[in-house]
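Subject: A structure for you to look at

Hi there,

Here is the structure I promised to pass on. Please open it beside this email and follow along as you read.

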Amino acid sequence: MKSIETKAPWLIDDIALELSVKHKIGLTMLALAGMFIFAGTILQVIDPTAAVLDIGILSVLLMGLLGGMAAVFCSLWLQEILWQPFKFFRKKLFYHLEQLTSWQQCILYFSVFFLLLYAAIWMLSIVL
């Protein structure tokens with residue numbers, strides 16, 4: 001029995017590797033943008049009796065997801081540019097969190113939770 005060695009069909013060797021996190025995020029953003037652009041058409045293909053209001057609500061939902069992801073990535077990007085130690089801290093985040101005692105972790109988790117709750121209530125007060 002002879003074994004035949006074949007070359008990878010890829011022209012570039014790096015293409016055959018697994019996708020990195022940045023590539024996955026980029027593909028997710030691209031998929032969300034495509035869903036936002038074609039949301040009305042897709043909804044009317046699924047349900048021909050869909051009203052214009054349904055398409056608008058779906059578009060607002062997708063636009064909110066895109067806006068939220070863009071805000072998070074822009075804030076991370078600005079923090080890394082303006083404050084260089086944040087870049088090194090973020091790369092070893094789990095190491096730094098494991099160094100804290102249990103009560104420090106509880107304080108950190110509860111403070112983040114209540115700050116997010118405060119931000120959500122604040123955003124609701126703006127909208128309403």
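Among the contacts in the protein with a separation of 6 or more, 33% are made by residues 24 or more positions apart; a contact means heavy atoms within 4.5 Å. Please keep in mind that this is a predicted model, where local features need pLDDT of at least 70, side-chain atom pairs count only at pLDDT 80 or more, and totals for chains, interfaces and linings use all residues. Residues are numbered from 1 along each chain as its sequence is written, and side-chain values use heavy atoms, with hydrogens and water left out.

The protein has six helices and zero strands, so its elements read α-α-α-α-α-α from the N terminus on. Both kinds of element are DSSP runs, numbered from the N terminus: helices are H or I with at least four residues, strands E with at least two.

The UniProt record (an unreviewed entry) puts the feature "transmembrane region" at residues 25-46, 52-78 and 106-127. Its positions are in the numbering used here, feature names are shortened, and annotations may be inferred rather than shown by experiment. Residues 25-46 are 95% helix and 0% strand, with end C-alpha atoms 27 Å apart. For residues 106-127 the figures are 100% helix and 0% strand, and the end C-alpha atoms are 31 Å apart.

Now for the surface. Of the 128 residues, 9% count as buried, where buried means under 20% relative accessible area, exposed over 50%, and partly exposed in between (1.4 Å probe, protein chains only). The protein exposes about 11600 Å², and carbon and sulfur atoms supply 74% of that area.

Next, the aromatic rings. How many aromatic pairs does the structure hold? There are two. Rings of Phe, Tyr and Trp (its six-membered ring) pair if their centres lie within 6.5 Å; planes under 30 degrees apart count as stacked, over 60 as edge-to-face and the rest as tilted. Phe-110 and Phe-114 have ring centres 6.4 Å apart and planes at 25 degrees, so this pair is stacked. These two residues are four apart in helix H6 (residues 102-127), which means that about one helical turn separates them. Phe-110 is exposed, at 51% relative accessible area, whereas Phe-114 is partly exposed at 48%. Phe-114 also pairs with Phe-113, edge-to-face, at 5.2 Å centre to centre and 70 degrees between the planes.

Last, find the largest pocket, with a volume of about 320 Å³. Its lining is Val-21, Lys-22, Ile-25, Phe-73, Leu-76, Trp-77, Glu-80 and Arg-90. Helix H1 (21-37) and helix H3 (52-82) each supply at least two lining residues, and H3 gives the most, with four. A pocket here is an open set of points on a 1 Å grid over the protein atoms alone, where a 1.4 Å probe fits and protein lies on both sides within 12 Å along at least five of seven lines; lining residues have an atom within 4 Å of a point.

Happy exploring!

Conventions: Areas by Shrake-Rupley, 256 points an atom, 1.4 Å probe, with all protein chains shown as cover. Points joined across faces, edges and corners; volume = space filled by probe spheres on them.
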